[in-house]
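Let's take a friendly walk through a protein model, looking at its pockets and at a pair of helices. Have the structure open as you read.

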Amino acid sequence: MDKPVELTGLSQPELVTFVETLGEPAYRGRQLFAALQHRRLRSFDEITDLPKELRIRLSEIARASTLKVESQYTSSDGTRRYLMKTHDGLPVETVFIPEERRDTICFSSQSGCPLQCTFCLTAQLGLLRSLTAGEIVEQIMIALNDAYGIGVKPPKGTNLVAMGAGEPLLNLDSLLKALRVMADPQGLHIVPNRVTVSTAGVVPRILDLANTSDRPHLAISLAAPTDELRDVLMPINKRWPLEDLLGACKAFEKTLKPGERLTFEYVMLDGVNDSDEQARQLANLLNRHGIRSKVNLIPHNPADPLPYQPSSPDRVERFKNILESKGVHTYVRRPRGRDIFAACGQLAARQGTLNNLTELTSIGANN
Ligand code: SAH
């Protein structure tokens, strides 16, 4: 039997074509799109405005949803974390972060991750596989349904960040496909301008993204101001060193809209990359390339087997002051959801919270 079609990854025109191949009229495709993407229904049984025979036929050849929530946790700061499984049993994690004026959903682009950044827990899973467009869209539906109720319009704006598990630019086609589906005003209606994609620095794909119309915003994970240190912390640097990376950023800069800035993320590791000297090196590096950008300092989120500690708040502040004194716009990212392992670099299919026993349960994890 052919693989079932994942309907959540199809745009409205594609759903219309799909139902037409079944001999159905076009409006059934539009109905189906509204049921999945606007009403956020996750099974054919619930789409009662479609004739029963059509629902039976659809369930034989297609899927209305594929991800299953295995467990979920709510942090003391309101952050919610969802641990899900794909139809083939692989872990997917999504984090919902409520903020006063908007919500942010942090989604995964891959199950596990092929990159081997030494400060990130997800790296320990290795790459299990890239997610499909439908699996990306579903993560957002699941988070919104849980936070607000099935199909309820979110009361605030929704921002998306591709900062969960995986390297989004190694799954760029599915990612862009998902973003096109989600942008539809008759569906989730989350436009690319609300989306930030974070990359460890896949240089050729940064250039591809620069040439994409309706592209999302871009963030680059730096973690080090020199090749010597970045080679160790982020082995992808050996393939695309800082000069190549910043060259690609310079090309990307030409596509920035008025007011838009490229973001550089810098995870702060105590005694490793947080000295005054390294702050000056970082400022000089960025100033030398003169890219319209800002720096987000991310205090390291501790993750048990990793040999790092977060920089102290004073150190982070001092680092920030040095950058700013050299004209670099700098922000400090407040960690969210650390107590439920929802913070950056903590996603590795861990069960539980800080208050109960934790263990690495996933396939491929170093137990
Ligand atoms: N692969 C992509 C997206 C996932 S990581 C990338 O590398 O950008 C999202 C951000 O979390 C990155 O900036 C990364 O540097 C940061 N990060 C990873 N592990 C972390 C940890 N343990 N504490 C704080 N930030 C971390």
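A pocket here is an open set of grid points with protein on both sides within 12 Å along at least five of seven lines, and its lining residues have an atom within 4 Å of a point. Keep in mind that this is a predicted model.

With that in hand, start at the second largest pocket, where 18 residues form the lining and Lys153, Pro154, Gly187, Leu188 and His189 lie nearest the centre. Two elements, helix H2 (26–38) and E9, each give two or more residues to this lining.

Now turn to the largest pocket. Nearest its centre you will find Arg102, Thr104, Val161, Asn296 and Arg333. Several strands supply at least two lining residues each, including strand E5 (91–98), strand E9 (157–162) and strand E13 (293–299). The largest share, 4 residues, comes from E13.

| Pocket | Volume | Lining residues | Classes in the lining |
|---|---|---|---|
| Largest | about 1100 Å³ | 36 residues | 17 nonpolar, 10 polar, 9 charged |

How do H1 and H2 lie relative to each other? The axes of helix H1 (residues 12–21) and H2 come within 7 Å and cross at roughly 130 degrees. H1 and H2 are therefore oblique to each other, and their crossing is right-handed. In this contact, H1 residues including Leu15, Val16 and Val19 meet H2 residues including Leu32, Phe33 and Leu36. By class, the contact residues divide into 7 nonpolar, 2 polar and 3 charged.

How values were computed. Residues are numbered from 1 along each chain as its sequence is written. This is a predicted model: local features need pLDDT of at least 70, side-chain atom pairs count only at pLDDT 80 or more; totals for chains, interfaces and linings use all residues. Side-chain values use heavy atoms; hydrogens and water are left out. On a 1 Å grid over the protein atoms alone, a cavity is a set of points where a 1.4 Å probe fits but cannot get out, and a pocket is an open set with protein on both sides within 12 Å along at least five of seven lines; lining residues have an atom within 4 Å of a point. Grid points are joined across faces, edges and corners, and a volume is the space filled by probe spheres set on the points. Ala, Val, Leu, Ile, Met, Phe, Trp, Tyr, Cys and Pro count as nonpolar, Asp, Glu, Lys and Arg as charged, and the others, Gly among them, as polar. Axes are lines fitted to C-alpha atoms, for helices over the stretch in contact, and angles run from 0 to 180 degrees between N-to-C directions. Angles under 35 degrees count as roughly parallel, over 145 as roughly antiparallel, 65 to 115 as roughly perpendicular and the rest as oblique. A crossing is left-handed if the near helix is turned anticlockwise from the far one by less than a right angle, and right-handed if clockwise. Contact means heavy atoms within 4.5 Å.
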